[in-house]
Amino acid sequence: MRQLLRSLAVSALLAPATAGVLTMIATPAEAAPAKASEQALQTEVNRLTNVERTKHGCAALKVNTQLTTAARGHSTYMAKTGTFSHTGSGGSSFVARAKATGYGQPSAENIAWGFTTAASVVDGWMKSPGHRANILNCKSKSVGVGVVYAASGTPYYTQDFGY
């Protein structure tokens, strides 16, 4: 249980879409394209998230490039700074980061670190009430996942949802 809490550091966030726009967390250079291993994890997290949603009566989410950019930027920030928070560079929120990419209606964000497989991170989120609620919010229609490895090899995950 302690390991699960350490890795997940249960931190789900629901925020109103009316939150103010703040500084974007990562510059385009910092939010570089995903390496093959990161891309594979991102794709599998998206797939497993949709498996959970359809099992529970929600429509599958469509992967959105803007939300993916916002998620990768935040994961990059966390991986480079060793921080684990929904608050990013310059005090940015997930709403601000999504809107900075041009996505107008963000709905929620899940973050995690340390999980080595997509199945383990999605399972961890599904065991956490706040994360589970974000995944199973049938009003969300889009998703973007960013997985970035820290220099230590630890993966940082951000999952951004949108209406």
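Author: Let's begin with a rule: two cysteine sulfur atoms within 2.5 Å are counted as a disulfide. The model above is predicted, so local features need pLDDT of at least 70 and side-chain atom pairs count only at pLDDT 80 or more, while totals for chains, interfaces and linings use all residues. Residues are numbered from 1 along each chain as its sequence is written, and side-chain values use heavy atoms, with hydrogens and water left out.

Reader: How many disulfides does the rule give here, and which cysteines are joined?

Author: The count is one disulfide, and it joins Cys-58 to Cys-138 with an S to S distance of 1.9 Å. The angle about the S-S bond is -75°, and the link of Cys-58 and Cys-138 is left-handed. Cys-58 sits in the loop between helix H2 (36-55) and S2, and Cys-138 in the loop between helix H6 (129-135) and strand S4 (142-149), so the link ties together parts that are 80 residues apart in sequence. Helices (H or I, at least four residues) and strands (E, at least two) are DSSP runs, numbered from the N terminus.

Reader: Are the two cysteines buried or exposed?

Author: Buried means under 20% relative accessible area, exposed over 50%, and partly exposed in between, with a 1.4 Å probe and protein chains only. Cys-58 is buried at 5% relative accessibility, whereas Cys-138 is partly exposed at 35%.

Reader: What is the pattern of helices and strands along the sequence?

Author: The protein chain has six helices and five strands, and they follow α-β-α-β-α-α-β-α-α-β-β. Of its 163 residues, 47% count as buried. Taking contact as heavy atoms within 4.5 Å, residues 24 or more positions apart account for 76% of the contacts with a separation of 6 or more.

Reader: How should I read the aromatic pairs, and how many are there?

Author: A pair of aromatic rings is described by the distance of the centres and the angle of the planes. Rings of Phe, Tyr and Trp (its six-membered ring) pair if their centres lie within 6.5 Å; planes under 30 degrees apart are stacked, over 60 edge-to-face, and the rest tilted. There are two aromatic pairs. Phe-84 and Trp-113 are edge-to-face, at 6.4 Å centre to centre and 65° between the planes. Phe-84 is in the loop between H3 and helix H4 (94-100) and Trp-113 in strand S3 (residues 106-113), 29 residues apart. The rings of Trp-113 and Tyr-156 have centres 6.4 Å apart and planes at 20°, so they are stacked. Trp-113 lies in S3 and Tyr-156 in strand S5 (residues 155-162), so this pair ties together parts 43 residues apart in sequence. Phe-84, Trp-113 and Tyr-156 form one aromatic cluster; Phe-84 is partly exposed at 23%, and Tyr-156 is buried at 9%.

Reader: Which elements cover the buried residues of H3?

Author: The cover includes H2, S2, H4, S3, S4 and S5. Among the buried residues of H3 are Leu-67, Arg-72, His-74 and Met-78. Just after H3, Gly-82 takes a positive phi of about 70°.

Reader: And where does Asn-64 lie?

Author: Asn-64 lies in the loop between strand S2 (62-63) and helix H3 (65-81). With 15% relative accessibility, Asn-64 counts as buried. Leaving out residues up to four places away in sequence, Asn-64 touches Tyr-103, Ser-142, Val-143 and Gly-144.
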